[in-house]
Every structure is written in structure tokens, then in C-alpha cells.
Amino acid sequence: MTILEFLYNTVPGRFLLKPLTGPRLSRICGHFLDSELSSFLIQPFVKQNAIQLSDYETTDIKSFNDFFSRKIKQGKRPIDMEENHLIAPCDGLLSVWKIKENTVFPVKQSHYTISSLLHSKKLAQRYQGGYCLVYRLCVNHYHRYCYVDSGQKSRNFFIPGRLHTVRPVALREVPVFTENSREYTLIRTEKFGTVVQMEVGAMLVGRIVNHEEKGSTIRGKEKGYFQYGGSTIIVLIGPEQVQIREDILQSSALTKEVPVKMGEVIGHALEHKRTIQ
């Protein structure tokens, strides 16, 4: 039995889980991972996850969190700038769901609704008939993310929560997307209507770091980054705005995640529907 299986699948484990997933421990771990004392963790992490250091900027790294949120070298994540193309805002494993009224979305045996995700039934209603795109980032993925498209963005809405791991063993027991802290913004775009772009924290992620508040966005511009832990980005798109790539839809129907990279085309705008919601 692994440590995670013990924590989530046994009575004593669940007793220990409450303090382990609380914000206090997350802050303590975050402070340690920000410090130079954590630098000894970098080399084992690189080896265990087969990270290609030549792809990244590694100067001025003094702590584990510096390394975890490292920047990738210019040109390694080209951004498709065709305005009719929908891009992935991050590296990750993508699943796509059609949003229907009162649909409960299973993601690796976790379950949630759009209204519980957003804490707003009114806002959730705008996305009925559209798509929910879930990008799951593992620890070996690049943990910086960009704006999914150009447009005008709202302020950032933060929803506090308890931080749970996004690894599959946890998803069997905890509705991770409604338990975890998360932050989202509304981006008003020309081709895809008003899009929700949300970041979801995970166990031992001390911070979701977004750079900007209300204002304009540029497709492909860095929006922010995660610190240590597996994390998730969710994008909501309204009805009749986008056609998702067929291979992604077919894989999602079979509950198979599709590996994607930041800037990659995952769909295109529907030409007959350009109304900004």
C-alpha cells in the first residue's frame, strides 16, 4: 500500500489527511521549497522525472521552487497565432467534456458540476452546451501557462479550498476540483466568446501565481505559474463557439487523456458563430 492509498483509503489515513491538506502545512512546505535549503531536492527530481535541462533556463536558480517554476527557452513552445485556432494554454494531459444541464463531470473518478466549480449558478448557465477542457499537469510538466487567447479580462476570482493531490488515488475519494483552491478569470475574446480560464491548486502547492489583474490579454503571453505539486487548468467555452479536434474528442469519449503542449492547436472557431457572449 502506498502512502497516498493509506491516506485516502483507510480510517486512520483520513484522520491524518485533514491537517496534511490544510493551508498551514502548505504554507510551511512552501516556505521551505522557496529557501536555498531545498536546493538538494533538484537533482533527484530531474533524474526521477527525466527532465531535459537543455530545454530550460537554469541560471539564477537557488531553490526547488525556482527550479519547479523554471522558464523554458525561447522557441521551445511556439504559439500558434492564427486567430481562428484554439490553443492549449499549458503542457498537460487533456480531457474534454460537453457541458449539459446538471451534468456531473467524471474526471479520473472524481465528480463535479460547473456551478460547484465556479460557485455561481448564473455564470455556469452561460456555458451549457459548450465545452469544459481539463488540462492535468504532472510534476514533470512545464508549470508556466499562457493566455488561451487575446481579449479583455476580468479581475481574478479566487475561491479558497483545501489542497488535495490530483493523483488518481485521491480522485477515487475526494471531489478534487471542488475541494481545491482555485482562481479564474473571464476573457472576452472575438472568436470564442467569453472564456473562463481557471487554475486549480493541489497538495503542497503553496501558490498559484498570476501576474495580472483586470485588463487586456495577448494570446500566448505568460499568464502565471504554479509552484510545487501536480496542478490543473480548466477552460470553459460557451456553445457554438469552437470545434475541438476530433482525435481529442474521441479519446475523451474513451476517458483517455491526450498529451498536449502549450501553444498547440486543439480546435478551431466556428465561422458562423462569432457573437461575443
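This is a predicted model: local features need pLDDT of at least 70, side-chain atom pairs count only at pLDDT 80 or more; totals for chains, interfaces and linings use all residues.
Mentor: Residues are numbered from 1 along each chain as its sequence is written, and side-chain values use heavy atoms, without hydrogens and water.

Trainee: Why is the pair of phenylalanine 45 and phenylalanine 64 called edge-to-face?

Mentor: Rings of Phe, Tyr and Trp (its six-membered ring) pair if their centres lie within 6.5 Å; planes under 30 degrees apart are stacked, over 60 edge-to-face, the rest tilted. Here the centres are 5.1 Å apart and the planes stand at 85 degrees, so the pair is edge-to-face. The structure holds seven aromatic pairs.

Trainee: What makes this pair a link between distant parts of the chain?

Mentor: Phenylalanine 45 is in helix H4 (residues 42–48) and phenylalanine 64 in helix H5 (residues 64–68), 19 residues apart. Helices are DSSP runs of H or I with at least four residues, numbered from the N terminus. Ring pairs also join Phe45, Phe64, Phe67 and Phe68 into a cluster.

Trainee: Why is phenylalanine 40 called exposed?

Mentor: Its relative accessible area is 55%, and exposed means over 50%, buried under 20%, partly exposed in between (1.4 Å probe, protein chains only). Phenylalanine 45 and phenylalanine 64, by contrast, are buried. Phenylalanine 40 lies in the loop between helix H3 (23–34) and H4.

Trainee: What makes arginine 70 a charge over the ring of phenylalanine 67?

Mentor: The rule asks for NZ of Lys or CZ of Arg within 6 Å of the ring centre and within 35 degrees of the ring normal. Arginine 70 lies over the face of phenylalanine 67, at 4.4 Å from the ring centre.

Terms used. Helices (H or I, at least four residues) and strands (E, at least two) are DSSP runs, numbered from the N terminus.
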